[in-house]
Amino acid sequence: KMPAIQTAAEQAELLVPVRLDLEIENHKLRDTFMWNKNESLVTPEQFAELLCDDMELPAQMFVQPIASSIRGQVDQFPSDLVAQDEEDRRVVIKLNIHVGNISLVDQFEWDLSCPHNSPEEFARQLSSDLGLGGEFVTTIAYSIRGQLSWHSRTMYAFGDPPLPTVRSVLRTPVQDTEHWCPRLEVLTEAEMEKKIRDQDRNTRRMRRLAQTVPTW
């Protein structure tokens, strides 16, 4: 086992945002997490068994659907999101996240060409700055990685123009600054349900669009 562990440790980490949304015989499972595309020690089936045990879900019903969903999303995820030959490949990342009854809305620019940018580190720092719990860290990182994958696959296919060159650390005009800062809101149960439905529809729409994008 030690050689296998050593080999796995030497593999580069490629995190894939995975979303589970399953309903089987009145049992519901909704979860988001990161899966290392180069994972060689833990199979999706083994992970599914542990998840079912933690969530007290019937393994005979959920293990295979969970494993199949993970494999499908991992297989569709591009292996290289970074354009090393470009100095500036900024995209706009938009967050619309809700955990419990707290909603976080934010947007910012992210440089796809910089391999040192880490969604996980950014998510931890943003959550710390805003006083948010650990669940937000995972959800923010998941959202960022999903959008980076989308932008990487669609930027040239749809002919989107590049963002303007950054010439100042201050965003102008000043009126625009309110759209480029995090906003927290406490929502009612009805508002939360509506946001979840809207987010699910948008996720499905983006996946359908991404599947139609040419791979050249």
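## Exercises on a predicted model

Let's start with a pair of strands: β3 and β4 (residues 102-111) run antiparallel and are joined by 10 bridges. (Helices, H or I with at least four residues, and strands, E with at least two, are DSSP runs numbered from the N terminus.) This is a predicted model, where local features need pLDDT of at least 70, side-chain atom pairs count only at pLDDT 80 or more, and totals for chains, interfaces and linings use all residues. Residues are numbered from 1 along each chain as its sequence is written, and side-chain values use heavy atoms, with hydrogens and water left out.

**Exercise 1.** Work out which strands stand at the edges of the open sheet.

*Solution.* 
- Step 1: write down the strand order, which is β3-β4-β5 with antiparallel pairing. Two strands pair if DSSP finds at least two bridges between them.
- Step 2: look for strands with a single partner; β3 (90-99) and β5 (183-186) each have just one, so one side of each lacks a neighbour in the sheet.

**Exercise 2.** Find the salt bridge between E109 and its partner, and say what it ties together.

*Solution.* 
- Step 1: recall the rule, a side-chain nitrogen of Lys or Arg within 4 Å of a carboxyl oxygen of Asp or Glu.
- Step 2: check the pair; the side chains of E109 and R90 meet at 2.5 Å, N to O.
- Step 3: check the exposure, where buried means under 20% relative accessible area, exposed over 50% and partly exposed in between (1.4 Å probe, protein chains only). R90, at 13%, counts as buried, while E109, at 27%, counts as partly exposed.

**Exercise 3.** Describe how enclosed α5 is.

*Solution.* 
- Step 1: count its buried residues, 16 of 21.
- Step 2: conclude that α5 is largely enclosed by the rest of the structure.
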